[in-house]
Amino acid sequence: MRLHRNLVFSVIDGLNLIFNEGEYADKVVQKLLKRDARWGSRDRKFVAETTYDIVRWKRLYAEIAEIKENYSRENLWRVFAVWATLRGIELPDWNQLAGTPTRRIKGRFDELSKTRKIKESIPDWLDELGVAELGEKVWSKEIHALNKQADVILRTNTLRTTKEKLQALLLTFDNETEVVKGHPVALRLKERANIFRNDAFKNGLFEVQDANSQLVSEFLDVKPGMKVVDACAGAGGKSLHLAALMENKGNLISLDIYEAKLRELKRRARRNGAHNIETRVIDSTKVIKKLYDKADRVLIDAPCSGLGVLRRNPDAKWKIQPGFLDKVRETQQDILQRYSKMVKSGGKMVYATCSILPSENQEQVEKFLASNEDFTLVEDKKLLASTSGFDGFYMALLERK
């Protein structure tokens, strides 16, 4: 591989924004990809994947480069040199890369790879937490799996097409896909590509959604004609799936505390042809109280640490702190206690997170059930990246007597 100066400079600029300015990696990459209209797909791929790769392995590369938490441009170049050297890329004769100790880099990699928290590039506290909650063996496998790049998984929008028709159509755009066993409407993209540009996406035939994430809406057991509440809808990935499962029949109320996210959901719903979605901003306690005892089904896709989706959001390893976890657990229990009152007698509720930690998952459900005798646990699923090959998720189906 030959390194191109303008592409590498873009990566360095992006890393500066992520490491020093606290910006989110996905937003930074979006901005970087708009820099030069002349870039081809290979150029764009290099910028995006290199940026994410260095964010993912930040601690390992910094330790090899022997730099501390001061990511000056000089230090960012040293980190980039580590990335390139470990990939066997010949370093060009640029001032910024002069004097790179390639043999020492390889030696330090072998030495540092013996320690899990450095090898898997995670903070000390996160390594300790993972062991405490999952045990040495499971945690080692899980954090290793969470450091792999995620596949691009599509969810067929059955309001507009079938999985078979979508697969055939995507092939005409040179996007080859394969079916995903155990996931009824999922397709895996065989080669990464910017699929948002083709007409299949513009016409609402699919959404990008992890395979395990797709299981959450299915787990809620909705039927056409029901009154369903998506209580933490966000930008609406699961609401759109629920609308499809309900065949656009019935009433789907999508709630969130952020109005901007619900506006995005409305836009996506129009593209998807999802007509049974009604959005409501939670701007007071009245919004929830008005729905007490009214819903056949309630989905609580709760705020969480996001540790199950580190493959997509590697910068989360560096952004979350132990104090945030304590706070989010309190929020999860509060939401469970209050939002569960929307479920009517005989109705069902799913509590879900994209976390792998029992303290955010089954322990929260156990705590809820201990104080709510009118609910029973029907079934729960613990989905780990290391065993499923997809994102880490938890979901519990509860029924009200």
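In this predicted model, the side chain of D256 approaches the backbone nitrogen of G234 at 2.8 Å, within the limit for a polar contact (a pair of N or O atoms within 3.5 Å; within protein, one must be able to donate a hydrogen and the other to accept it, and residues adjacent in sequence count only if both atoms are side-chain atoms). D256 belongs to strand 6, residues 251-256; strands (E, at least two residues) and helices (H or I, at least four residues) are DSSP runs, numbered from the N terminus. D256 counts as buried because its relative accessibility is 8%, where buried means under 20% relative accessible area, exposed over 50%, and partly exposed in between (1.4 Å probe, protein chains only). Beyond its neighbours within four places in sequence, D256 is in contact (heavy atoms within 4.5 Å) with A231, C232, A233, G234, K261, L262, R280, V281 and I282.

An unreviewed UniProt entry lists D256, D283 and D301 under "binding site"; such annotations may be inferred rather than shown by experiment, and their positions are given in the numbering used here. D283 is located in the loop between strand 7 (277-281) and helix 15 (285-289). With a relative accessible area of 63%, D283 is exposed, whereas D256 is buried.

The largest nonpolar core contains 42 residues, of which V8, F19, F46, I54, Y61, F80 and W83 touch the most other members. A nonpolar core is a set of buried Ala, Val, Leu, Ile, Met, Phe, Trp, Tyr and Cys residues joined through side-chain atoms within 4.5 Å. Two or more residues each are given to this core by helix 1 (5-20), helix 2 (25-32), helix 3 (41-56), helix 4 (58-65), helix 5 (73-86) and helix 6 (102-112). Helix 5 provides the largest share, eight residues. Leaving aside neighbours within four places in sequence, F80 is in contact with L3, V8, I12, F46, T50, I54 and L97. Another core, apart from this one, has 28 residues, including L265, A274, L299 and F393.

The chain comprises 19 helices and eleven strands. Buried residues account for 53% of its 401 residues. Among contacts between residues at least 6 apart in sequence, 71% join residues at least 24 apart.

Residues are numbered from 1 along each chain as its sequence is written. Local features of the predicted model need pLDDT of at least 70 and side-chain atom pairs count only at pLDDT 80 or more, while totals for chains, interfaces and linings use all residues; side-chain values use heavy atoms, with hydrogens and water left out.
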